[in-house]
Amino acid sequence: MVEVLAFESIAQAAAALRDRTVYLGGGTLVMRAVNFGDSSIERIVLANDPSVKAIRTEGNRVVLGSGATMADVLASKETAFLASVARGIGGPAVRSMATVGGNLFAQHPYGDFAAAILALDAKLSLTDGSEIDMGSFLARRGSLRSLVARIQFERPASGEFHFRKMSRVKPKGVSVISIAALIPNSAGRVSNARIAYCGMGETPVRASAAEAALEGRTLDPQGIAAAVSAASAGLAPPDDAIASSWYRKEVAPVLLRRLLLGEAD
Amino acid sequence: MNTVEFRKNLFSDERPENLSEIGRPTVRQDILGHVTGRSAFYDDHQFDGLLHMRCVRSPHHHARIRSVDFSNAERMDGVRRIVGPNDVPKNLNTLLSLINFGKEDEPLLSGEKTAYRGEPVLAVIADTERQARVAASSVRVEWEPMPHVLDVEEALAPGAPTVNETYPDNTFEYHERYDHQKLRFGDVDKGFSEADRIVEGRYRMSPIEQAPIETCGAIAAPDTGDRFVCYTSTQALFFSLATTAKLLDTASSRLHFIGGTVGGGFGGKVDSIVEPMAVLGAMLSGRPVKFMWDREEEMQVGAPRGAELWIIKDGVAADGRILARRFTGYFDAGAYTRLSSYAVVKSTGHLPGPYTIPNVASNVYCVFTNRTPATAMRGFGITGVDYAIECQMDRVAEAVGMDPVELRILNAYRDGDMKAHRRVAKNTALIECCQVAAEKAGWRISPDSTRQSSLEGGGGRRAEIPETATDQIGRIGERRRSRIPVEPLVGSGPRGRIPAGTAGPAVEAAPPQRPDMAMDWEREKSAADFVREPVKRPKTATQPQSRLAAAPEPLPPAQEKAEAPYIPKAPFNRGVRKPGVSRFLSGTRRR
Amino acid sequence: MSKSPVSFELNGSETSLFVEGGQNLLDALRRGVGDLTPKFGCNQGTCGACTVLIDGQPFLSCLVLAVNAEGRSIETAAGLSDGPSLHPLQQAFIDGFAAQCGYCTPGMLLAAKTLLDRNPNPAREEIAEAISGNLCRCTGYAPIIDAILSAAEIVRRSNRP
């Protein structure tokens, strides 16, 4: 028998977290575990908190409430550049349930949106009042005792943010891998690129070697060659029913090249 | 809506033009229920006080069970009953025992060892599904993992672990004599020696899960009159009923099975596992019990189309005629027979594909491995070998430098040709299919290939049964005893030759059990009326003996001093009383 | 066992029942209310057989906590037809042979309804996207898409003044 506790705010819900207790956002992860009789879940906490669903901008920063759904992201003008990421996740029913915050905790092979958040160099505001960057969050997400309330990042300049996803089912399915990339350039040369993968590790990971190889280069076949050949460097993607580790390493450079050159899938 | 295109010019004398159903879409009779959501699938029947049954399953590919401790589970909230192997009245079965084919080899719940990952060893019945799940996960089983084998060739290698104790050599036993199903037609070695080219290929198919959207399941409940009603997802209602009666050693008249509305089956819902479990649960608890696989179980323990491996060797003349074709085939049955033994026989009847090849030999093995037991799926026994044959045809075309469509037309069987299993081919249409496919694909073929017809050029010499080389190799146990490697047609033992023209005995498949069950041809007249005039077809030189011949004629003895080839002691027969077999099997009760 | 009351509107009718803590909406609708039109397929949000509409949006009822349905408006396939008159989508599925085993059909119809309610003139690709979360294993996607296209036409014609 699972106990359900509903709270007015996400902070109160976070305060109720203890052993054998989970916070339920959109339900796509937690309910799945509950349905399959996960005996480690004895309590579910909920927050009927409209503020966590809000999507807004503060100056040049975008603030996503962790309870915003993929459908909310698609509907908001503030997040139009993230539409391709949100649209790539599930069918319409999953998108009306799955939340931005939930995606940050999704286990491999899920987490396309988390990869985008990683590429955008986002800061996460936790319910304990602290702020944490996405990279540190991914390293600690299993042992975190607070909840993510908001996600903030600088709005990318037009054309700087890119996303590609490769799956084995049309029109869509789980990612074999996906790539989210922030490719700023000044005077035609790339500077401080951030490239993040979903599916190339147990959590979303950055393609540090490819990022370095892109520094100061131009976005043409010669300019990106070194980055493409370093696409899988230092990464150990998992083997699973979707794809083998070998296959993911083979797909990464192909998808990265398409993303950087704007080629068709 | 009509996406079917009819080529009325082809075989126009073989059908009347006044068909009112064929070629016209017909609205399904159950469609209104489907679109309103009112069609009642098995889980759409509700029972007051329904209990839920969940299994404890093996996490190992192959493991001995040292001990099972369910004392915790027994004491948990809502748990009504623990069901173990000893609760199953007759805990060993093989599905095709209903037609007397194969030995009992699979328990419903395993007590001593498990031979595939997910094999059930115990079941828990509880008030809610969650309680049943939690209780099942609290059962402690002490496992002793054993070496396992997941590949057919490895399973046949000397020293491979025995998967299934009923078949210690890891092969199903055919005709109580061989570790494989044989097909011999002509002499392939002679054919190879006459060939200009030898083309060899290996073809592998992975298992495929049917993945129906509705998972397998059944709800059973005590009914009036000491009977049990069972709503089930089965694709084979009476098969499941008879299997349940047998495993539970009860009269089939006590079982009232209701099914027919199935949420997708594709062959994956014939194995009759969920029904005996649910009925057993209802018997032991005295309450309605649901036994339903979740999605994970459907994918892990639901029997898939099995893996297959085919090795084909062709002897080809320079002009593209295939003179000899030899097959070694392996069906991966998984840990238990289920229906794979039958798939092997079915595939053998299909060889060498829709082609007329004068020398054909095949050895097809039904191999036990520690994978999930395999079963039926859409054309099983045929789909895999057809894939192998058609890949091989492309390779042959490449080897002799011929157009692949023309190579097929050249070797295609034609009406009146003798097939490798000694039946005359009729209603063949491969040539026409090739021609239409080439036309549709915009693939140019020669005028000569365009002129060919499956109605012409068949029969005559092509209808003759050649002198056939026989052998006794691959007897049960020989491979392991003599450490014979897995090599096609290698082995010792006498060889023999059967004279040309020997058609083999005609066996009446299933004689009527009572005179009033015999076919009344007068009543079949309406079907015969469709044929307006006799079909003009070339008379074949050698017709096999009438199917209604009275007694099987023995084969002429082989010339060398060899054991006579296998002949069944009695024709295939349903409803024969067999010692040790439940008298409640379908077809035997009326005796 | 403690149960919680929950009230919602189901196909236009006020409905109240008691649910268990971790119970999902699919189970509550099927066992609690007796609306058997949402189907159990995977219990993990991948097949779409349990699709229902909540406040007009598609949801996977197996992943909705039943207590969270409080005060919402839920539509299932049971509410599609108006008495004996079928919804244009239902009629189009019949005429277009768009159901074989029928198990995915209720979810498929609701996914299609969400689309047509919002966009009565969808392109083929938009329909494919709208039903991309609903699996059909009898492999009948082409007739399903055709049927939704023809239902859209019927809806457009009936909306015309």
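Two residues are in contact when their C-beta atoms, placed from the backbone, lie within 7 Å. This is a predicted model: local features need pLDDT of at least 70, side-chain atom pairs count only at pLDDT 80 or more, and totals for chains, interfaces and linings use all residues. Residues are numbered from 1 along each chain as its sequence is written, while chains are lettered from A and ligands numbered from 1 in the order in which they are written.

**View 1. The sheet of chain C.** Five strands of chain C form an open sheet with mixed pairing, in the order β2-β1-β5-β3-β4. Strands (E, at least two residues) and helices (H or I, at least four) are DSSP runs numbered from the N terminus. Two strands pair if DSSP finds at least two bridges between them. β2 (13-19) and β4 (57-60) of chain C are the edge strands; each has a single partner, so one side of each lacks a neighbour in the sheet. From one strand to the next, the twist averages 40 degrees.

**View 2. The β3-β4 pair of chain C.** Strand β3 (residues 51-54) of chain C runs antiparallel to β4(C), and four bridges join them. C:I54 has C:Q57 of β4(C) as its bridge partner.

**View 3. Two helices on the sheet of chain C.** Helix α1 (residues 25-33) of chain C lies across β1 (4-10) and β2 of chain C, at about 100 degrees to β2(C). Angles run from 0 to 180 degrees between N-to-C directions; axes are lines fitted to C-alpha atoms, for helices over the stretch in contact. Helix α3 (residues 105-118) of chain C also packs on the sheet, where it touches β3, β4 and β5 (73-75) of chain C. The direction of α3(C) makes about 35 degrees with that of β3(C).

**View 4. A helix pair in chain B.** Helices α11 (residues 404-411) and α12 (residues 430-441) of chain B pack at about 165 degrees, with axes 9 Å apart. They are therefore roughly antiparallel (angles over 145 degrees). From α11(B), B:V405, B:R408 and B:I409 make the contact; α12(B) supplies B:L430, B:I431, B:C434 and B:A438.

**View 5. Where chain A meets chain C.** Here 23 residues of chain A are in contact with 27 residues of chain C. On the chain A side, β1 (3-7), α2 (30-35) and α5 (92-95) each supply at least two residues. α2(A) gives the most, with four.

Key: Parallel < 35°, antiparallel > 145°, perpendicular 65-115°, else oblique.
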